[in-house]
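Here are my notebook entries from a look at the aromatic rings and a few spots around them. Have the structure open as you read along.

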Amino acid sequence: MTPQLQQAIRLLQLSTLELQMEIQQALDSNLMLEAVDGTEPETQTDTEDSRSEAEAETAAETATEAAETSAETEYSQADSDLGTTATDIPEDLPVDTGWDDIYDSGATSYSAPAGDDDRDYLETHNSGSESLQEHLTWQMEMSPFTDTDQAIATAIIDSINDDGYLGMPLEDIHQGLLESHPELELDEVEAVLHRIQHFDPIGVGARSPGECLEIQLKQLDPDTPWRDTALKLIQQHLDLLGGRDYQQLMRRLKLSQEQLQQVIGLIQTLNPRPGSAISTATAEYVIPDVFVHKDKKGQWRVELNPDAVPKLRINSQYAGMVKRADNSADNNYLRNHLQEARWFIKSLQSRNETLLKVGRCIVERQRAFFDYGEEAMKPLVLRDVAEAVEMHESTISRVTTQKYMHTPRGIYEFKYFFSSHVGTADGGECSATAIRAMIKKLVAGENPAKPLSDSKIADLLSEEGINVARRTIAKYREAMAIPPSNERKRLA
């Protein structure tokens, strides 16, 4: 396999963001390549870029003909793996100028606890990029701690996990501090912990969900409706709430169903995972590779995203410096860069063609999804698309990984449209994605006081002609993070 073919296959499996970095690297390292400014008129590829470039390539033809012919032959022989040949590549990259979508990135603001004198500074300080430990350490440094208390606070903060809970027993933290502070008492460590638990976010450093919620409830105004009852529930009956034993809760707290609903509603305003309020994850941006839309005739169309990959061309000024039969170091340098630039542009064109071909096949096979939604999704596997577009399955796998499709129903990875099948009563097939959508719909419409069991869901699907075992329902439900029926039960 030639380096040129290896490059073509490698570009095929890159995500759009990775490809943009690869292109920038190529622009920086190859003087023959240049990006086409969006304000410039449409240009040709390396063989039609301009008169001076054509002349330059003609001049260099004798010196590069043998290498180019050999490379193109191998490129053509790899058709079963890459899906296109050098001679099949169009001279111009496909362009779609009909989309003007604008993506706005929202800014995340921060509000400090009520009564904090440093509210403005807190808002300026807290950017979404800092970790929970950094956020807590900054507050510690802004608090009037003694040197000993600061050492205790540092040890406690280091033991807090991403959810905001203390990750080790307070006794162990105390033991770890005795070497440097031999006279330290356990109650001193606990006192510092209580101070940290009132840092932002409130409840951080709690040792249990009950303690976390209790801290947050106590921070509320004493006149908050149902605050005291909610505290009693958290302190004495949290296990009943976890088990959704509402009848027992109403009996123990002497509340009506409507009153219990209000108490639980107050508890649900709290955050059982306070650490999640300080995000440490870097936002991942998805750039769609193709757009899917309906044309005026009502037909689904697939077009490349023109903004995903910058247009490239050969720099005619440098190409014009290549001289016939000149074997000097400078001329060979220019000639090599010219050849590499031509192959890079062809590899990009091949990638775009393959993406478009696979995208169109997926849309054709899943037309019902675009018309009616998830429940109409058809079974589809890699082999189906590979056979339709006459490519190897490994190529389809590369093309569908980290490649995204912008549709009227949202942005989806190409892989989303592939799913296994389940037999129906009439001998047909139903995709696993459609079944998951049906399960989600049934759960969304169930009676909250009497949620559907997995067996009942299986029975309801059977009535629709879809035979799915109870254990399969459970597997799909768990995959969608839908809890079992006993955990979904709630007051009507």
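**Entry 1: ring pairs.** I searched the whole structure and found 10 aromatic pairs (rings of Phe, Tyr and Trp, the last by its six-membered ring, with centres within 6.5 Å; planes under 30 degrees apart are stacked, over 60 edge-to-face, the rest tilted). I looked up Phe145 and Phe199, which pair edge-to-face at 6.5 Å centre to centre, with 65 degrees between the planes. Phe145 is in the loop between helix H6 and helix H7, and Phe199 in the loop between helix H9 and helix H10, 54 residues apart. Helices (H or I, at least four residues) and strands (E, at least two) are DSSP runs, numbered from the N terminus.

**Entry 2: bookkeeping.** This is a predicted model, where local features need pLDDT of at least 70, side-chain atom pairs need 80 or more, and totals for chains, interfaces and linings use all residues. Residues are numbered from 1 along each chain as its sequence is written, and side-chain values use heavy atoms, leaving out hydrogens and water.

**Entry 3: burial.** Phe145 is buried at 12% relative accessible area, and Phe199 is buried at 9% (buried is under 20%, exposed over 50%, partly exposed in between; 1.4 Å probe, protein chains only).

**Entry 4: a tilted pair.** I then checked Trp300 and Phe370, whose centres are 5.4 Å apart with planes at 45 degrees, so they count as tilted. Trp300 is in strand E3 and Phe370 in helix H17, so this pair ties together parts 70 residues apart in sequence. Ring pairs also link both into a cluster with Phe369, Tyr412, Tyr416 and Phe417.
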